[in-house]
Amino acid sequence: MAMIQIGSHKLPARAVLAPMAGITDLPFRRLCREFGAGLTVSEMVISDAQLWHTRKSHLRLAHDDNTPRAVQIAGAEPVMMADAARRCMEMGADIIDINMGCPAKKVCKRAAGSALLKEPELVEQILKAVVGAVDIPVSLKIRTGWSTDQRNGVDIAKLAQDCGIRSLAVHGRTRQCRYLGMAEYDTIAEIKQAISIPLFANGDITSAEQAKYVLDYTGADGVMIGRGAQGKPWLFREIAAYLSTGVLAPAATAAEVQAVMLSHISALHHFYGEQNGLRIARKHCAWYLQEHDANTGFRSEFNRLESASAQLDAVHRYFEQHGQTLQDAAA
């Protein structure tokens, strides 16, 4: 199959990383790229550039060395969104991604994220303003609609293409569904039939087999992986191998999981500083070990540690004690 192309950018793989607030920071994006993600997108930044002076915004806007560099913006004011896109481009973004898929209440209260799906006229104004403000590709992430009886994803997708959007990602739930129940892919398949720009299917893709099933079922060009990559960045490698050979790749070894955890945790300490890095490392540790630390004993201990060296030492000890058990389970 031909490579997915967004503007002039050809993606090296069909599985890309979804932008997730508080998760897809620079260390995690780099890690997923190393395992073969075809594209990574920054955490969502609000469109009001006057608020970008905060440390949180600076960290979210930090660019990867890899290209293309994609930055996601969210907001409900066309002029402000256009200005944010222009500023991101000037700061080195290669692709601007617009968030119209986030179901979080604090985002939807501002009439941004998936709340916009109720207002196609405003969607059109925002898309035209952003596309007209930059000379780099603009992509869009949406849900299938606002609610189960208002699935207007096909209409929004066609509108997006008409406005100059260069690729589209669709999460197989409505805003009303949040993350409950199972993702549905019928609407994504309908959208694929209605547009010609690249389409990424998103929602409940946690294995290489599921990725292939969703691609076959929907006809989508690629898959966007969100929660499935938490604690499992090698999922991108597994998907690429399965799509190209039809054979499941060997599971990550215990030694590899240990090495990835240590590298990732160290990167978090360095990126955020020790105190914030300690806090953020805790949730990633929980994701890495959620299938193995059944009684949560180690994770509870890890959450009480108060120095970078203590966290790293704890991971070393855990794998010294349980590495063989993990290896046997993976075999």
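User: How much space lies in the largest cavity?
Analyst: This is a predicted model, where local features need pLDDT of at least 70, side-chain atom pairs count only at pLDDT 80 or more, and totals for chains, interfaces and linings use all residues. Residues are numbered from 1 along each chain as its sequence is written, and side-chain values use heavy atoms, with hydrogens and water left out. A cavity is a set of points, on a 1 Å grid over the protein atoms alone, where a 1.4 Å probe fits but cannot get out; points are joined across faces, edges and corners, and the volume is the space filled by probe spheres set on them. For the largest cavity, this space is about 110 Å³.

User: Which residues lie closest to the centre of the largest cavity?
Analyst: Lining residues have an atom within 4 Å of a cavity point. The largest cavity has 16 of them, and the closest to its centre are Leu39, Asp97, Ser139, Ser167 and Met224.

User: Which strands each supply at least two residues of that lining?
Analyst: Strands are DSSP runs of E with at least two residues, and helices are runs of H or I with at least four, numbered from the N terminus. Those that each supply at least two lining residues are β6 (95–100), β7 (138–143) and β8 (167–171).

User: Which residues is leucine 127 in contact with, leaving aside its neighbours within four places in sequence?
Analyst: Contact means heavy atoms within 4.5 Å. With those sequence neighbours left out, the partners of leucine 127 are Ile98, Met100, Leu140, Ala160, Cys163 and Ile165.

User: Is cysteine 163 buried or exposed?
Analyst: The relative accessibility of cysteine 163 is 8%. That is under the 20% limit, so cysteine 163 counts as buried.

User: How many disulfides does the count come to?
Analyst: A disulfide is a covalent bond between the sulfur atoms of two cysteines. Here the rule asks for a pair of cysteine sulfur atoms within 2.5 Å. By this rule, the number of disulfides is zero.

Note on methods. Buried means under 20% relative accessible area, exposed over 50%, partly exposed in between (1.4 Å probe, protein chains only). On a 1 Å grid over the protein atoms alone, a cavity is a set of points where a 1.4 Å probe fits but cannot get out, and a pocket is an open set with protein on both sides within 12 Å along at least five of seven lines; lining residues have an atom within 4 Å of a point.
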